[in-house]
Structures are given as structure tokens and as C-alpha cells.
Amino acid sequence: MRIGIDARLGLRSGVGRYTTEIVSGVSRMAPEFRFVVFAKPQDVDRLADLFQAQQNIEWVSVPGAPFQLREHLEMGRAIRRAELDLLHLTFDYAMPLWASAPILLTVHDAWFEAETFFRSEWTRRYFQTMTRRGLRRAGQVATVSQFVKDKILTYCPWMASKAERIHVIPNGVGAQFTPLGHPQSEPEETGVPQPYLLYVGVLARIKNTMGLFEAYAALRRSMPDAPRLVVAGKRDPSCPDPLPRLRELGLEAHVTLLGYVPDKALPDLYRKASLFVLPSFHEGFGIPVLEAMASGVPVVATNRGGVPEVAGGAACLVDPLRPDDIAGGIKTVLTDDRMRQGMVDAGLRRARQFSWTASARATLELYRESVGR
């Protein structure tokens, strides 16, 4: 059986993490299958190196920029040439204009609200139109949380007639994320002095990056000795340059902007943090929440989206619209030792309930179900 997997979003995102983990898992679990992975030209070599031990994977380069007609043309041709039994589209708006194979679509966010923070009106219309088109076209749909499934049924009521085809398959957490002192912990010099508060993720409007800075300023007003804030992630075009705002807030000396951090350095960056904070306006799942919990770090996170479902009561949830609420949650966790330790213990237990192996196994079952094997 020939299974196509769409890896056009590359490696440096939550979707990128999801895709590489699924490719790794299903290719090992089903050595009798052939997996055809579609990727951007600049990513093919890196992905091939990452999976060079897997002999049942072939790589196909798909040129063309996102949201442009050429990408649709190239992807359609690549799918036709691959002669697939099933195509797994791994992100919401991935549905090409032409696809000559049965479809499994993974939906991570289901951004259908008018107020969602897109880069432009064109991007919003494209995303929402292509997501709806993918949902109509797909034989099976996977979502990363019940929250996302419920959003699909709310904003696409015609999906109610095939709700049984929408399968909730949660994301996982890698085994490399372990607490300090764990036998499997591998130190990696980050160059960041302790103590520090940590945010991991793209700097974007939807992630409430500026709200995080305002919350940190409020925290320092009430707690002048608060640990510095470390921000790990590249800046999205939807987010203005943070430096002018940090200067206005008097935070330039107290915030470290690391930019993109390689996967190899992330585990140690997590486990050495005093606290992890994720104040997003929207998260379909929130992989960093689990990564922090698995690292033995208490979490302060948004009370919106799929995060409450994922956290399962093991995080301090705050209102992302209120910087003072974010600051208050951080201060409480930092100063209440009993609460902090309880959150660490609860977080470790919660993180153990998720694994990429389980995610890949459930996805492989959907592959088999989709093609009747």
C-alpha cells in the first residue's frame, strides 16, 4: 500500500513536529507499506537525513509558495504520479485543487471565527475556504482535540451527518522531555542563566506575544526580583518587532529573545525553567504545555481553546485578555511552594498520558480503515 503524507509545512512548527513524529511512527510500525512524503525543496534533504534509516520512505519535492496557484498545480501533479492508495493531508488548509487519491485530513486549529488573527483578509478567506473544502472532500478527518472536533461541528454544521468520520487523535510528547536529574536527561548548553520564565512558540498575534510582555511588566511591578523572561521562537509577520515595545515597558534588560531554538536544545531549556507560560488567544492543542509538564516545570496557560482539555487540571489557567490575570497566575505559582510542587507532580502524571507512539498507532489504524486493509 502506498500512503502519501504531506510535509510541506516543514519542521519548525507545531504542525512540523506532528508531521515528523507521525512519519517516524507509522513508517516503523508498518514496514510493509510505502510512504511517499511530499515536502518543499529546501526541506527534502533535511527530512531525508532525519529518516535515512527508514527504507520504506520516498521523498517528493513540491515547489511553489504557500497560497499560490503554482503550489496547487505542482502538488496535484506529484499526487497523480505517486499513484497513492491514500493521501494524508497534515494541516487544516492543505487540500490541493486536484487530488487523485482518497483523503485523510488532520485539522489542528479550525480557525473559523471572524476575529481570528490572520496576516491579511486574503489569508483568512483562503484558510477558511480550503479547510472547509478539505472537510467536504476527505473520507476521514483527524483532529488533535475534542475542542477542535466541536468547532468543526459548530462552524460546519453539514459535517454532523458524518461526525463518526471525525476522529480525535491527541498529539504526543517526546521521550526526550524529562525533568532535571532524570537518568535520560542529556544536558545541552543553552547559554541562558537561571532562573528564568519560559515561553516556547512562534511570536504571533494569535499567541498573544505583546500581552505576554505586558503581563511580565505587571509582574515585575509587584515582584521586582521576578526571574527574567526567555522567549524561544521565530517572529511571525503578524507580530510587530517586539524590541520597541520592550523598551517602552522598560523590559529590554529583563527579556531574552532567543529566536528559533533547535529541537536538540529544547529539552534542557524547558527543564531548567522556573515556570512555563503560554497565554495564547487560541490553541487547538498546545504541544509546549505537555513538553513543559513532562520536563517537571509548572505551567501557567490560557484558559481558551484546547489547552484546558490538554492540561487536565494540572496547569494554572488564566485569561489571555487580562495581563494582570496572567501576571497574578505567574506570581502565585512562583511564590506558593506547595502549589508549585503539586503542579509539577500533577503535570508529570498528565504528560505520561500522551505519547507520539500512541498518536502514530491511532493514525495508522485510520490508514488501514480508510483503504479497507
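**View 1. Arg77 and Glu74 join up in a salt bridge, with N and O 3.7 Å apart.** A salt bridge here is a side-chain nitrogen of Lys or Arg within 4 Å of a carboxyl oxygen of Asp or Glu. Arg77 and Glu74 are about one helical turn apart because they sit three residues apart in helix α3 (residues 69-82). Helices (H or I, at least four residues) and strands (E, at least two) are DSSP runs, numbered from the N terminus. Arg77 is partly exposed, at 32% relative accessible area; buried means under 20%, exposed over 50%, and partly exposed in between (1.4 Å probe, protein chains only). This is a predicted model, so local features need pLDDT of at least 70 and side-chain atom pairs count only at pLDDT 80 or more, while totals for chains, interfaces and linings use all residues. Residues are numbered from 1 along each chain as its sequence is written, and side-chain values use heavy atoms, with hydrogens and water left out.

View 2. Arg46 is partly exposed at 39%, whereas Asp43 is buried at 6%.

**View 3. Seven strands line up in an open, parallel sheet.** The order is β3-β2-β1-β4-β5-β6-β7, where two strands pair if DSSP finds at least two bridges between them. At the edges are β3 (57-61) and β7 (166-168), each pairing on one side only. Strand β2 (residues 34-39) pairs with β3 over five bridges, and Val36 stands opposite Glu58 in β3.

**View 4. Arg2 in strand β1 reaches Glu58 in strand β3.** The two side chains form a salt bridge at 3.3 Å, N to O, and the residues are 56 apart in the chain. Arg2 is partly exposed at 24% relative accessibility, and Glu58 is also partly exposed, at 24%.

**View 5. Helix α9 (residues 287-294) crosses helix α12 (residues 337-351).** The axes come within 7 Å and cross at roughly 115 degrees; axes are lines fitted to C-alpha atoms, for helices over the stretch in contact, with angles from 0 to 180 degrees between N-to-C directions. Leu290, Met293 and Ala294 in α9 meet Gly347, Leu348, Arg350 and Ala351 in α12, contact meaning heavy atoms within 4.5 Å.
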